[in-house]
Amino acid sequence: MKPKQEPPNPELEDLFTKIIENLGEDPSRQGLMKTPLRAAKAMEFLTSGYHQNVDEILNAAIFEEDYDEMVIVKEIEFYSLCEHHILPFWGKCHVGYLPRNQIIGLSKIPRIVDMFSRRLQVQERLTREIAEALETALDPRGVAVVMEGQHLCMMARGVEKQAPRMTTNVMRGAFREDSSTRAEFLRCVQIS
Ligand SMILES: Nc1nc2c(ncn2[C@@H]2O[C@H](COP(=O)(O)OP(=O)(O)OP(=O)(O)O)[C@@H](O)[C@H]2O)c(=O)[nH]1
Ligand SMILES: [Zn+2]
């Protein structure tokens with residue numbers, strides 16, 4: 001599904017003009033003339049997940065299948081916005097589930113990751129929301145979501161640390177209850 005592509009909200013455009021003025025810049029200078037429009041469009045795209053829902057994304061692509069081994073989709077890149085500073089955080093998301101006779105259309109997993117990423121978020125909630133959406137959609141024997149993120153608010157400002165990565169994980173069902181299932185998943189996505 002393409003993100004909602006409507007003309008940018010004119011109020012948002014006006015607000016970006018005010019931000020530019022308040023930063024001490026001249027919004028009428030040539031290089032900045034179209035910036036409020038571009039910034040409004042960019043912000044609408046980066047928060048387009050608010051206009052999506054899981055049912056619409058799934059498009060009924062849940063299939064009955066006689067397969068009950070672990071399914072893993074790893075290294076799904078994500079871009080989100082930290083809700084404290086409205087600055088990007090980004091990284092990789094690894095998803096696993098143990099089907100109970102139902103599988104999900106492969107592309108739908110990254111689409112769900114994008115839907116929840118394109119909102120104002122903290123990485124912990126983002127991880128949980130992805131896991132819960134899959135749990136509700138598939139009723140699997142277990143689901144695991146691991147996210148590794150870099151946060152610009154910690155890199156370019158504030159504490160100014162470049163190296164740290166934040167890892168969050170939500171394990172449900174068999175991934176939580178059975179340490180060997182969890183270990184198999186973490187080995188496959190190469191997290192120790
Ligand atoms: N747990 C968690 N914290 C986050 C996330 N994104 C940003 N933060 C943190 O949110 C906190 C907000 O802290 P405040 O003290 O209110 O804000 P601040 O004065 O800008 O803090 P500094 O970043 O330390 O300069 C900071 O510690 C950020 O690093 C996230 O996804 N998860
Ligand atoms: Zn932040």
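**Labels and their grounds**

Modeller: UniProt, in an unreviewed entry, lists residues 14–189 for "domain: GTP cyclohydrolase I"; UniProt positions are in the numbering used here, feature names are shortened, and annotations may be inferred rather than shown by experiment. This is a predicted model, in which local features need pLDDT of at least 70, side-chain atom pairs count only at pLDDT 80 or more, and totals for chains, interfaces and linings use all residues. Residues are numbered from 1 along each chain as its sequence is written, while chains are lettered from A and ligands numbered from 1 in the order in which they are written.

Biologist: What makes up the span 14–189 in helix and strand?

Modeller: The span is 40% helix and 28% strand, where helices (H or I, at least four residues) and strands (E, at least two) are DSSP runs numbered from the N terminus.

Biologist: Why is strand β6 called largely enclosed?

Modeller: A residue is buried if 20 or more other C-beta atoms, placed from the backbone, lie within 10 Å of its own, exposed if 12 or fewer, and partly exposed in between. In β6 (residues 142–151), 8 of the 10 residues are buried, so the strand is largely enclosed by the rest of the structure.

Biologist: How do you know that β3 and β6 pair?

Modeller: Pairing takes at least two DSSP bridges between two strands; β3 (residues 88–98) and β6 have 10 and run antiparallel. Cysteine 93 stands opposite methionine 147 in β6.

Biologist: Which strand do 8 bridges join to β6?

Modeller: That is β7 (residues 166–173), also antiparallel to β6. There, asparagine 169 is the bridge partner of valine 146.
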